Amino acid sequence: MALPRDQRIGRPVSKAIRACDVGKLDRIIKTGELEIDVKNFLVLVAGEPLELGLRQFLLLAALASRPGSTWSRKKLAAVLWDDEDAHAARTVDVNVQRLREALARRSSHRYVHTVKRVGYRLVPPGHEDAAAKVHPRAPGPEGQSQEGS
């Protein structure tokens, strides 16, 4: 079976996956109730399939390849679009929001956390306290958290 091609950048998706440092194409990444089958472009949440667009799948695979590690917006943009400009970095934000919405439909756990002014990290269930110690939420105006999407 041939891997799908990313029409926007005109390269095989397998190259984008390798660039994400996800590893071998036959790798299955498991964290909490989340299971990502990189070879078959399949995501399961609590055993149920989750439909994701190509960009959201690649973002999730990249973040899950190093749980707890922070990925800058520029790094994600460079990996997924071969582009580090501010416009591409903001496009990462939009795709992260779509990924969060899809995950929220299947799980109550918030997997993707914002690292303010830097980027994103995937936080497995049970590791929220460790993530908060590394980068606590800063109170915003009127005592609201400023952690963004």
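Mentor: The largest nonpolar core has 31 residues, and those with the most contacts inside it are Leu34, Ile36, Val43, Leu60, Val92, Leu103 and Val112. Strand S4 (34-37), S5, H2, H3, H4 and strand S9 (119-122) each supply at least two residues of this core, and H2 gives the most, with 8 residues. The model is a predicted one, in which local features need pLDDT of at least 70 and side-chain atom pairs count only at pLDDT 80 or more, whereas totals for chains, interfaces and linings use all residues. Residues are numbered from 1 along each chain as its sequence is written, and side-chain values use heavy atoms, with hydrogens and water left out.

Trainee: Why is Val79 called buried?

Mentor: Val79 has a relative accessibility of 5%, and therefore counts as buried. Val79 lies in helix H3, which spans residues 73-81 and is mostly covered, since 7 of its 9 residues are buried. The buried residues of H3 are Arg73, Leu76, Ala77, Ala78, Val79, Leu80 and Trp81. Helices (H or I, at least four residues) and strands (E, at least two) are DSSP runs, numbered from the N terminus, and by that rule the protein comes to 5 helices and 9 strands.

Trainee: Why is Phe41 called partly exposed, and where does Phe41 lie?

Mentor: The relative accessible area of Phe41 is 22%, so Phe41 is partly exposed, and its place is in the loop between S4 and S5. Phe41 also has a positive phi of about 50°, although it is not a glycine. Ala46, in the loop between S5 and strand S6 (48-49), has a phi near 55°, again a positive value in a residue other than glycine; with a relative accessible area of 49%, Ala46 is therefore partly exposed.

Trainee: How do you know which residues line the largest pocket?

Mentor: On a 1 Å grid over the protein atoms alone, a pocket is an open set of points with protein on both sides within 12 Å along at least five of seven lines, whereas a cavity is a set of points where a 1.4 Å probe fits but cannot get out; lining residues have an atom within 4 Å of a point. Those that line the largest pocket are Phe41, Leu42, Val43, Pro49, Leu50, Glu51, Leu52, Gly53, Leu54 and Phe57. Strand S5 (42-45) and helix H2 (54-65) each supply at least two residues of this lining.

Trainee: What is known of His109, and why is it called buried?

Mentor: His109 has a relative accessible area of 14%, so it is buried. Its place is in the loop between helix H4 (86-104) and strand S8 (112-115), and its side chain reaches the backbone oxygen of Val123 at 2.7 Å.

Technical notes
Buried < 20%, exposed > 50% of the residue type's maximum accessible area, 1.4 Å probe, protein only. Polar contact = N/O pair within 3.5 Å; in protein donor to acceptor, adjacent residues only side chain to side chain. Core = buried A, V, L, I, M, F, W, Y, C linked by side-chain atoms within 4.5 Å.
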